[in-house]
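Dear colleague,

I am passing on the structure that we talked about, and below it you will find what came out of going through it. Please keep it open beside this message as you read.

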Amino acid sequence: MGVEGIGARVVRKEDKRFITGKGRYVDDIKLLGMTYAHFIRSPHAHAKVKKIDASAALKLPGVVAVLTGQELVDDKVGNLICGWAITSKDGSPMKMGAWPAMAPETVRFVGQAVAVVIADSKNLARDAAEAVVVDYEELPVVADVRAAIKAGAPQLHPEAPGNQVYDWVIGDEAATDAAFAKAANVVTMDLTNNRLAPNPMEPRSAVASYDAAEEHFTLYTTSQNPHVARLVLSAFYNIAPEHKLRVIAPDVGGGFGSKIYIYPEEMVALWASKKTGRPVKWTSDRTEAFLTDAHGRDHVTHAEMAFDANNKITGLKVKTYANFGAYMSLFSSAVPTYLYATLLSGQYNIPQIHAEVIGVYTNTTPVDAYRGAGRPEASYLVERMMETAARQLNVDPAALRRNNFITQFPHQTPVIMAYDTGDFNASLDAAMKAIDYAGFPARKAKAKADGKLRGIGLSCYIEACGIAPSKAVGSLGAGVGLWESAEVRVNPVGTIEILTGSHSHGQGHETTFCQLVADRLGIPISQVSIVHGDTDKVQFGMGTYGSRSAAVGLTAILKAMEKMEAKAKKIAAHALEASEADIVIENGEFKVTGTDKAIALPMVALAAYTAHNLPDGMEPGLKESAFYDPSNFTFPAGTYICELEVDSGTGKTSFVNFVAADDFGRLINPMIVEGQVHGGLVQGIGQALLEHAMYDANGQPVTASFMDYAMPRADDVPSFNLSHTTTLCPGNPLGIKGCGEAGAIGASAAVINAITDAIGKNNLEMPATPDRVWRTIHAA
């Protein structure tokens with residue numbers, strides 16, 4: 001490891017422009033003749049659109065156009081799609097209701113767009129929207145997943161009787177039932193995983209332009225995967241042929257999954273730019289974000305766990321109702337199925353698992369992947385069950401987990417996943433040591449003497465990252481492959497450009513990706529630049545989500561580097577009159593082993609491009625590309641332990657300590673990894689204590705601003721005690737597992753387990769607000 005290579009704590013290159021206000025985000029884009037879009041959104045959760053009268057708005061100065069959903073239909077713009085096909089247990093396909101970018105006839109959630117005003121300024125467009133009169137006929141509403149599945153509930157889509165998207169199962173039901181029949185003890189729980197709003201720092205935004213002479217569109221967008229956006233917009237939405245559409249995702253200020261998808265606003269902006277002949281910009285405000293950004297979580301689950309007389313788990317039964325909101329989003333179908341139920345084994349050797357997942361439509365904002373995407377829901381369920389089981393069986397929670405850990409690898413779970421490696425005991429040991437687990441009873445007693453309720457809670461999580469290989473996910477219904485691509489360009493003077501299909505929206509790719517190059521070539525990272533986010537510059541790639549950037553994207557770069565290095569060694573050997581096998585790369589030079597003969601990288605690159613003295617038959621240039629498709633998922637895992645106090649008089653929770661021991665495989669930049677873990681932990685704690693996207697019985701959102709939706713602040717979270725254990729992932733040559741989602745996956749259960757331990761009552765739902773905790777303490 002060099003000072004800037006793999007394992008070095010290198011300060012992020014990109015932060016200089018971010019902290020000095022030099023970042024370039026979509027809303028910073030200004031084009032000649034640009035107009036501004038303001039969407040007219042339904043105030044009703046379910047209604048017929050009877051008439052739209054835009055005559056008054058069109059008379060206002062600066063108004064360019066008022067466009068409606070019916071015009072979209074007339075122009076044959078396609079409906080939004082879901083890209084992962086799920087089959088119900090009876091063999092029928094999932095029931096996907098039509099989702100037009102603007103509703104021509106029926107709105108199904110508050111905030112769904114019915115028209116858009118295009119004007120010369122943002123304020124003019126907003127004012128003109130007030131002059132558009134929409135006549136609605138209200139329809140019956142169902143906003144709760146439990147109510148939506150009842151007989152006689154209002155129906156959202158004719159394609160989905162009973163509001164059911166699918167009824168999907170995994171595992172051997174008969175074998176699981178047999179395990180329960182023989183069980184010495186059975187633990188039963190009903191759990192709700194609360195709905196969340198993603199709230200990235202940068203709201204969504206789109207700038208679209210149309211060049212009539214070239215019949216070519218350009219879209220600047222806040223996307224985590226611009227190539228997939230271009231593919232979907234061209235292949236399914238009939239916006240433009242793929243070669244006539246350029247998608248650019250510049251600096252993106254956070255995503256957390258919510259910027260994976262194609263949203264109606266991007267489609268409408270592109271379509272409107274052609275209709276009006278002028279560029280169109282739209283930037284969400286915070287209320288629009290609460291109303292229209294894809295929400296996360298929202299599961300209602302009944303679970304049962306069977307144990308034998310030795311407290312070994314013998315079976316697990318799970319039935320989950322997953323709220324999809326009003327429509328199916330791009331990957332929503334996979335989140336509560338293949339990203340959730342396949343992780344229900346957790347870190348434990350569970351011989352039999354059977355899970356049933358019923359997807360349900362409601363008159364609420366569509367739900368899709370949010371940081372962790374199915375893995376947090378699975379981990380929360382399993383770890384709440386384990387803590388509850390320990391209390392019911394009267395055994396130490398850590399001992400019960402250790403008694404059931406998987407210790408032999410590879411390990412095939414009953415729900416598809418094959419864990420390749422891990423050391424769950426090591427993470428548990430590290431966390432217990434860091435928090436002084438053995439000393440907790442004394443601390444609890446002292447707190448009790450001081451009038452405080454102190455509790456401790458564990459969470460041993462595992463997740464599946466990388467979301468590959470393509471053949472596997474294709475067999476499970478994915479509409480795309482999930483490989484990654486890279487191109488390495490060595491310029492004639494020896495500087496290097498790395499073109500990656502991954503996309504950074506806060507992960508630090510411009511630093512960590514350079515560190516791999518620096519490590520292999522022995523050059524400073526200042527000599528390397530990362531290019532991403534532009535479909536005209538970068539070869540097709542799959543983007544960033546699921547903690548895949550290093551395990552998949554960086555490995556693709558490694559594969560391209562290996563090809564480039566092989567060619568460069570041939571050039572160097574030829575120039576140095578040496579055997580190619582004797583060439584090594586050190587400190588930016590190609591050296592002949594055992595001699596003082598060497599040639600610097602810039603001279604090798606220059607030789608490649610002048611082509612005056614290349615080996616016979618070699619093409620000029622020094623540029624290589626690679627596509628990498630992993631052989632398996634990666635499986636980061638770890639143990640989180642939370643110690644806290646609860647004030648019985650107010651229900652307020654105060655953190656005492658929070659330790660996290662993670663196994664991410666090899667760490668490229670430990671400082672960036674720690675930042676990722678910190679962010680994830682805060683989001684997990686936010687879900688446990690504060691955050692909840694709520695609707696009333698009429699489908700009206702009651703948490704559509706930061707006045708009502710409680711985001712975690714600095715004084716809501718503790719300082720974190722982080723450590724790492726390491727088992728290298730055998731599925732990729734770098735040994736990387738991924739780190740971006742772990743904190744959000746493991747934290748919530750640790751917090752709720754600690755609170756319930758403190759108050760001595762187990763039935764506590766998230767978010768554990770002071771009011772909810774107080775009521776639980778004082779309930780009869």
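In this predicted model, L344 is in contact, leaving aside its neighbours within four places in sequence, with L316, V318, I350, I353, A355, A378, L381 and V382. L344 also belongs to the largest nonpolar core, which has 166 residues, and it is listed there with F658, V751 and I755 among the residues that have the most contacts inside that core. The element that gives the most to this core is helix 19, residues 742-759, which supplies 11 residues. Apart from it there is a second, separate core of 49 residues, and this one includes I530, L554, A568 and L734.

L316, one of the contacts of L344, comes up again with V186: the C-alpha atoms of V186 and L316 are separated by 9.5 Å, although the two residues are 130 residues apart along the chain. Once its neighbours within four places in sequence are left aside, V186 is in contact with F180, E304, M305, A306 and Q392.

Helix 12, residues 424-435, has 12 residues and reaches 17 Å from its first C-alpha to its last, which is close to the 16 Å expected at 1.5 Å a residue. Its buried residues are F424, S427, L428, A431, M432 and I435. Seen down the helix axis, these buried residues fall within an arc of 125°, so they line one face of helix 12. The buried residues of helix 12 pack against helix 11, helix 13, strand 18, strand 26 and strand 27, and just after the helix D436 takes a positive phi of about 55°.

Just after helix 17, A611 takes a positive phi of about 60°.

Among the strands, please look at strand 5, residues 113-119, which is mostly covered, since 7 of its 7 residues are buried. Strand 5 pairs in the antiparallel sense with strand 1, residues 35-41, over 6 bridges, and also in the antiparallel sense with strand 3, residues 63-68, over 5 bridges. V116 in strand 5 is the bridge partner of F39 and likewise the bridge partner of L67.

Finally, the protein as a whole has 20 helices and 28 strands. Its radius of gyration is 27 Å, close to the 28 Å that the globule rule gives for 780 residues, so it is as compact as a globular protein of that length. The C-alpha trace spans about 90 × 75 × 50 Å along its principal axes, and 61% of the 780 residues count as buried. Of the contacts with a separation of 6 or more, 80% are between residues 24 or more positions apart.

With best wishes

Technical notes. Residues are numbered from 1 along each chain as its sequence is written. This is a predicted model: local features need pLDDT of at least 70, side-chain atom pairs count only at pLDDT 80 or more; totals for chains, interfaces and linings use all residues. Side-chain values use heavy atoms; hydrogens and water are left out. Contact means heavy atoms within 4.5 Å. Helices (H or I, at least four residues) and strands (E, at least two) are DSSP runs, numbered from the N terminus. The expected span of a helix is 1.5 Å times one less than its number of residues. Buried means under 20% relative accessible area, exposed over 50%, partly exposed in between (1.4 Å probe, protein chains only). The arc is that of the directions from the helix axis to the C-beta atoms. A nonpolar core is a set of buried Ala, Val, Leu, Ile, Met, Phe, Trp, Tyr and Cys residues joined through side-chain atoms within 4.5 Å. Two strands pair if DSSP finds at least two bridges between them. The radius of gyration is taken over C-alpha atoms; the globule rule is 2.2 Å times the number of residues to the power 0.38.
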